Amino acid sequence: MSLESFMKEAISPWMKNKGPDADIVISSRIRLARNLRDVPFPMAGDEKQLEKITEQVDAKFAGKSHVKFGELELLKMKDLKENEKRVLVEKHLISPNLSNESKAGSVLLSEDESLSIMVNEEDHFRIQCLFSGFQLDEGLKYANDMDDWMEEKLDFAFDENQGYLTSCPTNVGTGLRSSVMMHLPALVMTKRLNRILPAINQLGLVVRGIYGEGSEALGNLFQISNQTTLGKSEKDIVDDLRSVVTQLIQQERSARETLLEESKIQLEDRIYRSYGILAYSRRIESKEAMQRLSDVRMGIDLGLIQDVKGNILNELMIVTQTGFLQQYAGEILTAEQRDERRATLIRERFRLESSRELNDGGGDT
């Protein structure tokens with residue numbers, strides 16, 4: 001398979017769109033936790049009970065068409081190979097928990113992968129909508145549409161005083177987790193982020209790494225999300241997150257301007273060194289690749305690099321992970337082989353971008 005063909009198949013269609021404030025906000029996600037009434041929650045249910053839920057989903061939703069998301073496809077974890085599940089995790093379509101530990105787990109996916117509904121993870125259902133850029137309102141609208149569509153056919157566990165009932169107490173109420181993935185290299189470089197993070201936590205929000213709870217903030221990518229769902233409306237939760245993210249966007253842009261004004265030569269040196277390493281290295285570890293890609297992405301957004309498109313970070317942060325490298329190679333790889341394949345894939349991707357630029361006679365960054 002050619003690199004271009006692989007990239008087209010590997011990247012979720014929704015990721016190819018350029019949403020608002022996409023130079024800083026990589027993606028917006030809305031997730032709703034729901035459980036069935038009178039059925040043990042996944043942590044307490046046995047495999048037979050949970051398999052019946054998957055059967056219900058298969059009968060009621062798989063192959064059916066939704067007005068926004070189109071036809072939905074059900075993937076059962078037990079039918080997937082380990083690397084196939086790893087790829088779904090790397091694309092943020094399922095959680096590591098569903099991949100590794102869930103009994104009778106499955107996922108319902110839309111064709112463009114902007115919708116994924118995890119079945120029998122921590123809750124019976126986790127409805128997730130993903131959008132490019134800063135689009136929390138759109139995510140909430142379509143997640144609620146899907147929630148309503150499912151509730152026409154299922155009886156969700158709901159209490160008039162507490163709201164939707166969930167396995168984890170922090171999700172009780174709306175069951176809503178809203179989050180954005182942000183690229184904040186300048187705030188990290190100027191050390192301003194260290195001062196900002198405590199204030200964010202005090203506002204009832206949490207900052208995590210690229211794969212959520214317990215993960216590292218690779219490539220200056222941070223996931224900001226709400227912690228509390230009880231006692232607040234969905235609108236209030238989204239509005240609170242939007243307010244903080246808007247301020248972070250302003251702070252990041254200010255930090256980038258400061259770097260350009262006060263340390264331009266050092267900044268350019270860092271960016272072009274990273275560009276050179278990515279374009280010519282023969283081996284590169286995942287952590288270094290993510291940092292170098294972050295530098296290049298900032299260079300693109302600042303107009304310092306003009307022959308590479310800005311979505312390269314979005315693409316390569318996915319396809320340079322272990323699952324995708326092994327999928328592209330068609331075999332299980334050792335750590336050393338992954339480092340070599342990662343470097344090769346990045347070099348090829350940069351060459352592909354350069355050839356497109358030459359053929360187009362210039363392009364939009």
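Colleague: Over how many bridges do strands E1 and E6 pair?
Modeller: This is a predicted model, in which local features need pLDDT of at least 70 and side-chain atom pairs count only at pLDDT 80 or more, while totals for chains, interfaces and linings use all residues. Residues are numbered from 1 along each chain as its sequence is written, and side-chain values use heavy atoms, with hydrogens and water left out. Strands (E, at least two residues) and helices (H or I, at least four) are DSSP runs numbered from the N terminus, and two strands pair if DSSP finds at least two bridges between them. E1 (residues 25-34) and E6 are antiparallel, with Ile30 opposite Cys129 in E6, and the number of bridges is 8.

Colleague: Which residue in the turn of the hairpin formed by E5 and E6 has a positive phi?
Modeller: Strand E5 (residues 115-119) runs antiparallel to E6 and is joined to it by 5 bridges, and Ile117 stands opposite Ile127 in E6. The hairpin leaves 5 residues between the two strands, and the positive phi, about 65 degrees, belongs to Asn120.

Colleague: How many residues of strand E6 are buried?
Modeller: Buried means under 20% relative accessible area, against over 50% for exposed and partly exposed in between, with a 1.4 Å probe and protein chains only. Phe125, Ile127, Cys129 and Phe131 point one way from E6, Arg126, Gln128, Leu130 and Ser132 point the other way, and all are buried. E6 (residues 125-132) is therefore largely enclosed by the rest of the structure, its buried count being 8 of the 8.

Colleague: Which are the edge strands of the open sheet?
Modeller: The sheet has 9 strands with antiparallel pairing, in the order E2-E3-E4-E5-E6-E1-E9-E11-E10. Those that pair on one side only are E2 (65-66) and E10 (205-208).

Colleague: At what angle do the axes of helices H5 and H8 cross?
Modeller: Axes are lines fitted to C-alpha atoms, for helices over the stretch in contact (heavy atoms within 4.5 Å), and angles run from 0 to 180 degrees between N-to-C directions. Angles over 145 degrees count as roughly antiparallel, under 35 as roughly parallel, 65 to 115 as roughly perpendicular and the rest as oblique; H5 and H8 are therefore roughly antiparallel. The axes of H5 (residues 136-151) and H8 (residues 234-262) come within 10 Å, and the crossing angle is roughly 155 degrees.
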